[in-house]
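Here are my notes on the model, written up as numbered points. Have it open beside you as you go through them.

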Amino acid sequence: MITKNGKIIAKADNRVLFSNDPTAHAEINAIRKASKKLASFDLSGCEIYSTCMPCPMCLGAIKWANIKTVYYGATSKDADNIGFRDQRFYEKEFLEFKQIERAECLKPFVAWSAKEDRVSY
């Protein structure tokens with residue numbers, strides 16, 4: 001649930017299994033609904049309430065949305081205890097990063113930087 005000034009802006013639940021979308025966590029769905037309702041990607045001044053401590057993906061989305069306060073009940077350890085994999089994201093070697101084609105990939109960044117009408121987010 002996302003609130004602003006004490007008013008509920010959006011409510012959502014986890015739809016991962018229903019939609020076969022691994023990004024369809026409740027927090028992500030609530031952010032999408034709130035952004036649509038407020039017609040803004042910037043949810044500054046909003047607060048988010050979650051049953052469980054948000055996973056790393058959701059924390060990233062919360063940060064990108066400029067939400068500064070997160071209220072949660074259960075911990076990531078509680079989530080692990082029922083079969084979720086949150087703790088694996090905090091392990092150092094769960095994923096291998098390999099940088100490729102940096103010069104080519106920087107071209108859109110240069111083009112974006114040159115735009116006079118760009119919107120920072």
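1. First, a term for the accessibility figures: buried means under 20% relative accessible area, exposed over 50%, and partly exposed in between (1.4 Å probe, protein chains only). By that scale Tyr49 is partly exposed, at a relative accessible area of 34%.

2. Some ground rules. This is a predicted model, so local features need pLDDT of at least 70 and side-chain atom pairs count only at pLDDT 80 or more, while totals for chains, interfaces and linings use all residues. Numbering runs from 1 along each chain as its sequence is written, and side-chain values use heavy atoms, with hydrogens and water left out.

3. Now the sheet. Helices (H or I, at least four residues) and strands (E, at least two) are DSSP runs, numbered from the N terminus, and two strands pair if DSSP finds at least two bridges between them. Four strands make an open sheet here, in the order S2-S1-S3-S4, with mixed pairing. Strand S2 (7-10) and strand S4 (69-74) are at the edges with a single partner strand each, so one side of each has no neighbour in the sheet. From one strand to the next the twist averages 30 degrees; axes are lines fitted to C-alpha atoms, for helices over the stretch in contact, and angles run from 0 to 180 degrees between N-to-C directions.

4. How do the pairs run? As a reminder, strands of a sheet pair through backbone hydrogen bonds, either parallel or antiparallel. Strand S1 (residues 2-4) pairs with S2 in the antiparallel sense over three bridges, and S1 and S3 also run antiparallel, joined by three bridges. S3 and S4, on the other hand, are parallel, with five bridges.

5. The bridge partner of Lys4 in S2 is Lys7, and in S3 the partner of Lys4 is Cys46. Ile2, meanwhile, stands opposite Ala10 in S2.

6. Take a look at the S1-S2 hairpin, which has two residues between the strands; Asn5 takes a positive phi near 55 degrees there. Most residues other than glycine have a negative phi. Asn5 sits in the loop between S1 and S2 and counts as exposed, at 75% relative accessibility.

7. Which other asparagine deserves a look for a positive phi? Asn66, with a phi of about 65 degrees although it is not a glycine. Asn66 is in the loop between H3 and S4, and with a relative accessible area of 22% Asn66 is partly exposed.

8. Back to Tyr49, which belongs to strand S3. The bridge partner of Tyr49 in S4 is Tyr71. Setting aside neighbours within four places in sequence, Tyr49 is in contact (heavy atoms within 4.5 Å) with Met1, Thr3 and Tyr71. Tyr49 and Lys11 are 38 residues apart in sequence, yet their C-alpha atoms are 9.4 Å apart in space.

9. Gly45 is in the loop between H2 and S3 and is exposed, with a relative accessible area of 51%. Beyond its neighbours within four places in sequence, Gly45 is in contact with Thr3, Lys4 and Asn5. The C-alpha atoms of Gly45 and Gly83, 38 residues apart along the chain, are 34 Å apart.

10. Last, the largest pocket, which holds about 790 Å³ of space. Of the 28 residues that line this pocket, Asn14, His25, Cys55, Phe84 and Asp86 are the closest to its centre. Helix H1 (16-19), helix H2 (26-38), strand S3 (46-52) and helix H3 (56-64) each give two or more residues to the lining, and S3 gives the most, with five residues. For the method: on a 1 Å grid over the protein atoms alone, a pocket is an open set of points where a 1.4 Å probe fits, with protein on both sides within 12 Å along at least five of seven lines, and lining residues have an atom within 4 Å of a point. Grid points are joined across faces, edges and corners, and a volume is the space filled by probe spheres set on the points.

11. The lining of the largest pocket divides into 20 nonpolar, five polar and three charged residues. Here Ala, Val, Leu, Ile, Met, Phe, Trp, Tyr, Cys and Pro count as nonpolar, Asp, Glu, Lys and Arg as charged, and the others, Gly among them, as polar.
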